[in-house]
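The following paragraphs are intended as a guided reading of one protein model. Please keep the sequence and the three-dimensional view side by side while reading.

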Amino acid sequence: MERDEVEAFQAKPVGIIEGKTTTNGFKVKVLSDEVGRNSFLEVFHEGTYYVCGIKELYRTEEGIYAECFVIGQGPKLPFTPTSPVYLAREEHVRKALRLSDDPSTGIYVGKLKGLDCRVWLPIKRLGRIFIVGKPGSGKSYTAGVIIEEFLKKGIPLLIIDVHGEYSSLKVMGDVTSEEFDVYPKSYAESVVEFGDLKVNPGADVPLEALESANPEDLVVPGQCTIINLRGLLKEEQVSLVASLLGKVFQAVVEGRLKPFYCVLDEAHRFAGRERTKATDVVRRFAQEGRKFGAGLIVITQRPQLLDTTVRGLVGTWIIHRLSDPNDMRITLESGGLDSEWENVIAWLESGEAVITGEAVEKIPIVVRIRPRETKHGGEGFNPLDYIAKPSHSTTVRILEKLSKATTREADRLQRQPISAPGLPQAFLSIAVDESEVLARMKERLADLDLKSIELNYMPALFCEVEARVERESPPLKFSESLQRLVPIGVEVGEIDWDSTQAYGLELKDLESAEPLPSPPQPGYYQRTCFNIADQKVVKKVKEELLAYAATKLVKAMYYSKKLGKFSLTGDRQAFVAECLKELAEVEQSEERDIEEKYRRSVADIEKAIEEYNERLRRLSEQYNALRYECEQLNQMLKEAKRQKKPILRLSKQLELRKSKLESIRDEMLKINAQIKALNDKKKALESERKERLRELRLKMSSLKEFDVKAAVIQPELDELSVTSFQLIWVPVYRAKIATDKGASKEIGIWWNALNGKGFYGSCIECGAELKDASSLVLCEVCLNPLCPEHASQCAACGARVCLKDSWTCDSCSRTLCSREPPSRCKLCEAMLCQECVERCVACGVEVALCRAHARSCSVCGTTLCEEHLKSHMMRCSACSKAICEGSAKRCSVCDEPLCAACSISCAKCGRAVCREHSWTCRSCGKAFCVDEERKECVACGSDLCTSCSCVCEVCGGVACKNHVHRCSSCGRLVCRNCIGESRGLLRRKLLCVDCATRAG
């Protein structure tokens, strides 16, 4: 196409290319307000059109600019600066985005935002469909649109409906849209709905019929089968979905079903991060279903709670508004979007969505979802208003077929089942009844009431297995026990031996519970997942328990043959450290024994030496005394010989003492020999101690080089014994509670009668189960359950509300409920509470402003918007001081604004005037406006007011008081011009000219 043809075809350009360009994008100076964030532009380059999207818009002093990128293959050479840019035509956009325009192969979901271009998603490329968005963003509405399109194509649908929203597919809508070419229609003839007829009287078939229904009855070409789970407890919903999808998937694998789509509403309940019975089958359905013709539509408001395997699969993502940062991050990653899309998604309007993935080849697109042909089943839709009598169809035949079986099943559950020998039955007492639970809940919700209640006895197995293991190789001996509390109701499907809790009870709760031989109150009995009356079956279950216990009581051990020691810690380093510690303790103990024995022996020797030394001291004293006596006797003997006296007696005495001295000396020599022997023994003991310590250290050093071997020990069956195996009937109350705060709503709950724990609903925000009565909070607007962490309290009325029914003031960050409507700033759209909203006195009370965009007059303090503040502020015409409309005074003559300092008030009429239109009396100093009479002194020319002016009684002229005099003769007031003089004898007299003339 030539350039002149282009210019002839196009309207005027909406922009001009400026600055640096590439083959992938360029910058455009925007010339028209038709260009917005979601606009598509086109530029003619190298003989063809290139369609561009707008990456970013920004404003500078020179104007508005747009950063553009090319959709699809760019040119060989960069774009030419100064080239004109136009709004893209529909056919060019459709070609660039490769959007299908064939209704026969696609589904019509809406129109591109910013362009009147229909969006047909090709069915062949849809794959798995993920629809995400916060509550109220339109995800269920979008799912309804897709379901309508599939029904038009005759594609079978199986809908898992948690809240009963899709019953509205049977009701004709009330919206006609010529823009989208959509007209009301009902698909009642194509819809079959299973549901609890008490809660959902508009359903076609009771849920009990699903047990006997074949997959071929549920997946039928041209038929939409709705499984309405409204009214069921969460665990009942999970159990039913797991069983149903498992049965359907098996039929898919066996090739018994035509290609169809399964719609999984609130998918995080059945395939969340916390594993449930339904997780595996949903995961397998998502992974393998596509190759067998089973498509999956996943709908969730919390992508972060979705199973990572499910959300990680390739598919088409339809993303509505999100606000939670984690949900946003996971959605961007799973949908393959850049972080720049975060702002786009956060500000999507209700009914708008970003579509990305397999169905959109080029770039993600923002779509305005078309109106539904049927009634939307969201808030405000009451199925009771549209109940119709079912026609004679497949649904009625299934109902008749299963009615008898359902009745027989109900009769059987009313009696206590008989168990085989070896499986004793016991009942738990009722400690928490409906009055106590209601009292707990009324602590938070005063107007709560129980609508219905029934007592059910739920079966659980309490098992205890003891293992006594004693082995020689490797040498070990230990005993350990295993306890389990396992629910065995029919809803569990199969026994989970890993379970340690059942129906809100834990093993520790049974420690203080006293079992009863008979039921405390009449009630219904839940069927067990195995035949408890068949002894062979019970024996097999017990064998399974023993096999499970043998597996769970396996011990990984380490042992050392050299030390003859083993450990069941399963930690090699810990075992080695324990062995080394024990060897160190043994070494220290033996070392202490050696030292203690040495100490005792040395103490005995030292005690003996001390005794010998004491004896030696006494002998020495005796010896010295005898020697002294001998010396005295010798002298006495010499003196007797000299005196020639008798010496026989003295000689005998001397001989006797010398004999004693010799005896004492011999004894002292023996004692010294014994002391020496003891000292030698002490030295020998010291040497022995050192040698024993050396040998001990060598021995310990050798032991520390021990070997460590690992072994896994599993108890043999003959080493296991079942010490407890009994059937416990747990009393469980199932009830429906309701509150009436403008709209009545029932919620199904259950709790065990022992500790009151159970299921009190799921938090609408995080999906967490509320397991205690005191933790239940109901949103006072929508009456949905909330956990205490996600229950916001309205700062105005104190109501507890959910995220959907609350909003946050952008100014004070307080949370308020939807019954306290926000005011929106007219400039930035910020939501404001009544305490934070500002009002412009010029705009009126209808217009709200945030504090950032409200301006306060610096003069009078009046609150105004930016626009009215400009007209409100002005300057004094006299001194140029800043003044405002409220504080300004205007000259009554020229109407110029004046500040208080420059405004002059007329002393007579009181009007305000400027200096130019005022004058001041020279005499009294008062100011007057120019409209007041002003007189002039004939003498000095001063301005005078009427009060201060004097009239000359001679000439009639006006003079000020300083220039008039009273004639001393006639007494008249005269001006200075009419004064004459008369000289007297003593002083001069002032006379008027008349009197002065007569005097002269």
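Which residue caps the N-terminal end of α8? Aspartate 324 does so, with a side-chain oxygen 3.0 Å from the backbone nitrogen of asparagine 326. Such a polar contact is a pair of N or O atoms within 3.5 Å; within protein, one must be able to donate a hydrogen and the other to accept it, and residues adjacent in sequence count only if both atoms are side-chain atoms.

The model is predicted: local features need pLDDT of at least 70 and side-chain atom pairs count only at pLDDT 80 or more, while totals for chains, interfaces and linings use all residues. Residues are numbered from 1 along each chain as its sequence is written, and side-chain values use heavy atoms, with hydrogens and water left out. Helices (H or I, at least four residues) and strands (E, at least two) are DSSP runs, numbered from the N terminus.

Helix α8 covers residues 325-335, of which Asp327, Met328, Ile330, Thr331, Leu332 and Gly335 are buried. Buried means under 20% relative accessible area, exposed over 50%, and partly exposed in between, with a 1.4 Å probe and protein chains only. The cover over these buried residues includes β9 (128-132), α7 (308-311), β16 (315-319), α9 (341-346) and β17 (352-357). Just after α8, glycine 336 takes a positive phi of about 70°.

Strand β17 also holds glutamate 352, which is buried at a relative accessible area of 9%. Not counting residues up to four places away in sequence, glutamate 352 touches Lys113, Ile319, His320, Val367 and Arg368; contact here means heavy atoms within 4.5 Å.

Arginine 98 follows α2 and has a positive phi, near 55°.

Most residues other than glycine have a negative phi, and most peptide bonds are trans. Glutamate 46, in the loop between β3 and β4, has a positive phi near 55° and counts as partly exposed at 41% relative accessibility. Aspartate 181, in the loop between β10 (157-161) and β11 (191-195), has a positive phi near 60° and is partly exposed, with a relative accessible area of 40%.

The next topic is helix packing. Two packed helices are described by the angle between their axes and the distance between the axes. Axes are lines fitted to C-alpha atoms, for helices over the stretch in contact, and angles run from 0 to 180 degrees between N-to-C directions. Helix α5 (residues 234-253) and helix α6 (residues 279-288) cross at roughly 35°, and their axes come within 9 Å. On the α5 side the contact is made by Ala242, Leu245, Gly246 and Phe249, and on the α6 side by Val281, Val282, Arg284, Phe285 and Glu288.

Helix α14 (residues 572-642) packs with helix α15 (residues 648-703) at about 165°, with their axes 8 Å apart. The two helices are therefore roughly antiparallel, a description applied to angles over 145 degrees, whereas those under 35 count as roughly parallel, 65 to 115 as roughly perpendicular and the rest as oblique.

Finally, consider the interior. A nonpolar core is a set of buried Ala, Val, Leu, Ile, Met, Phe, Trp, Tyr and Cys residues joined through side-chain atoms within 4.5 Å. The largest such core has 68 residues, and Met441, Leu461, Trp497 and Tyr760 touch the most other members. Elements that each supply at least two residues of this core include α11 (434-442), β20 (448-471), β21 (476-487) and α13 (535-552). Strand β20 gives the most, with 8 residues. Apart from this core lies another, of 56 residues, among them Phe194, Ala267, Ala271 and Leu306.

Asparagine 755 is found in the loop between β29 and β30 (758-759). A polar atom of its side chain lies 3.3 Å from the backbone oxygen of glycine 504, and the side chain also reaches the backbone nitrogen of lysine 757 at 2.9 Å. Leaving aside neighbours within four places in sequence, asparagine 755 is in contact with Val432, Arg440, Gly504, Leu505 and Asp509.
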